[in-house]
Amino acid sequence: MAIKFAKRMEDLKASEIRELLKLTEKPEVISFAGGLPAPELFPVEEMKEISKIVLDESGTQALQYSTTEGFPPLREQIAKRMNSKNKTNVTKDDILITNGSQQGLDFAGKAFLDEGDIVLCESPSYIGAINAFKAYRPKFIEVPTDKNGMIMEELEKILETTENIKMIYVIPDFQNPTGRTWPLERRKKFMEIINKYEIPVIEDNPYGELRFEGESLPSLKSMDKKGLVIFLGTFSKIFCPGYRIGWTCASQKILSKFIFIKQGADLQASTISQREVSKFIDLYDLDKHVEKLKEVYERRRDLMLETMKTEFPEGIEYTHPEGGLFTWVELPSHLDSRVIMQDCLKNDVAYVPGGSFFPNGGKENCFRLNYSNMPDNRIIEGIKRLGEVLKQHMIVKENI
Ligand code: PMP
């Protein structure tokens, strides 16, 4: 019997990149591919103690079902944190706890997209969001970017001439994959445009707190006067991704739809995870923990960029992220990072080829490097290996 899947499955094929990335999981590979935090910085001992406290104090509640919106004290803590870090003015009632911010991306797709609707995003954009939205069969329009993120004139041109744009997906802080950040002026201009066109915006902000240099900037959500911005936050990068605790902050009109979707998806986020994260924030200093992460990530960023400066051949450009986990490398336009990746894997070093970050494809001369996950000595060794492979590819072309 031929099994007939839903039409939406046609666009959801296992990508060749996923197959490539499986090879990077071998321990001998120095992988700059994943977006993983440094595991040695997870507060394992503290969480052993916390899980005992949670079970001692409230074991029967912690192991029980709980409300779809999430654990009220955690939602309070998140609202307070957002108001201080993201300059918003929100309360716990504006927060829904989700299974990572990834779930918020899926919910946004479910809430806003019918087949053929248009999503605008930065070019390039986060592959996990592109894939989550694809399940709802939209068309993507990629808004051109420069070193300061999305270009507002280009956005306006698209908005003026395109119908049926249902949402705009952006990562203004230390973007995945480029590491770029939108300056204040651009944020203000963006909100001016959005208020005119009144289109929902997904502001995805997993990295905002990981700023190593420069001034922290107000979120788009903090400038949202019309309830159009849906802010997605997460504890994955400032604490631990294993708990899968993220959140959506949005106006009641939108949040109530997300809550309804959450009921259908999985009823609620894990009760015990929510209580453990909340207890950690109560008993320890999360800001101090984030400071520790920033110190390590900044050093690793510097090590990576300094080693790239000496080990990469001429003619290669890369970003200088002021925070977050990634730098983005652009090769001369004739080079294909998927092809080069095959040689990298032979030398036990890996990155994510850039093509998959463009929903409409077509740009293969770039790749993403992560600097948070590998220890210092492996960063230096890995970049040296990568530099050797790149030199070979640059020379081959020059000799043709
Ligand atoms: N958005 C962006 C831009 C990300 O980079 C990630 C994780 N890599 C996520 C969302 C999802 O994170 P989580 O579900 O762990 O909160």
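**Exercise 1.** Does L12 count as buried, partly exposed or exposed, and why?

*Solution.* The model is predicted: local features need pLDDT of at least 70, side-chain atom pairs count only at pLDDT 80 or more, and totals for chains, interfaces and linings use all residues. Residues are numbered from 1 along each chain as its sequence is written, and side-chain values use heavy atoms, with hydrogens and water left out.

Step 1. Take the classes: buried is under 20% relative accessible area, exposed is over 50%, and partly exposed lies in between (1.4 Å probe, protein chains only).
Step 2. L12 counts as partly exposed because its relative accessibility is 32%.
Step 3. Place L12 in the chain: the residue is found in the segment before α1 (16-23). Helices (H or I, at least four residues) and strands (E, at least two) are DSSP runs, numbered from the N terminus.

**Exercise 2.** Describe the surroundings of the ligand.

*Solution.* 
Step 1. The ligand is surrounded by 14 residues (a heavy atom within 4 Å); S101, D204, Y207, T234 and S236 are the closest.
Step 2. List polar contacts, that is, pairs of N or O atoms within 3.5 Å. The side chain of S236 places an N or O atom 2.6 Å from a ligand oxygen. For N176, a polar side-chain atom lies 2.8 Å from an oxygen atom of the ligand. Q102 uses a polar backbone atom, 3.0 Å from a ligand oxygen.
Step 3. The ligand taken alone exposes 400 Å², and the protein buries 92% of that (Shrake-Rupley method, 1.4 Å probe).

**Exercise 3.** How far apart along helix α6 are E154 and K157?

*Solution.* 
Step 1. E154 and K157 form a salt bridge with closest N and O atoms 3.5 Å apart.
Step 2. Both residues are in helix α6 (residues 152-161), and because they are three residues apart, about one helical turn separates them.
Step 3. E154 is partly exposed at 25% relative accessibility, and K157 is partly exposed at 48%.

Terms used. A polar contact is a pair of N or O atoms within 3.5 Å; within protein, one must be able to donate a hydrogen and the other to accept it, and residues adjacent in sequence count only if both atoms are side-chain atoms. A salt bridge is a side-chain nitrogen of Lys or Arg within 4 Å of a carboxyl oxygen of Asp or Glu.
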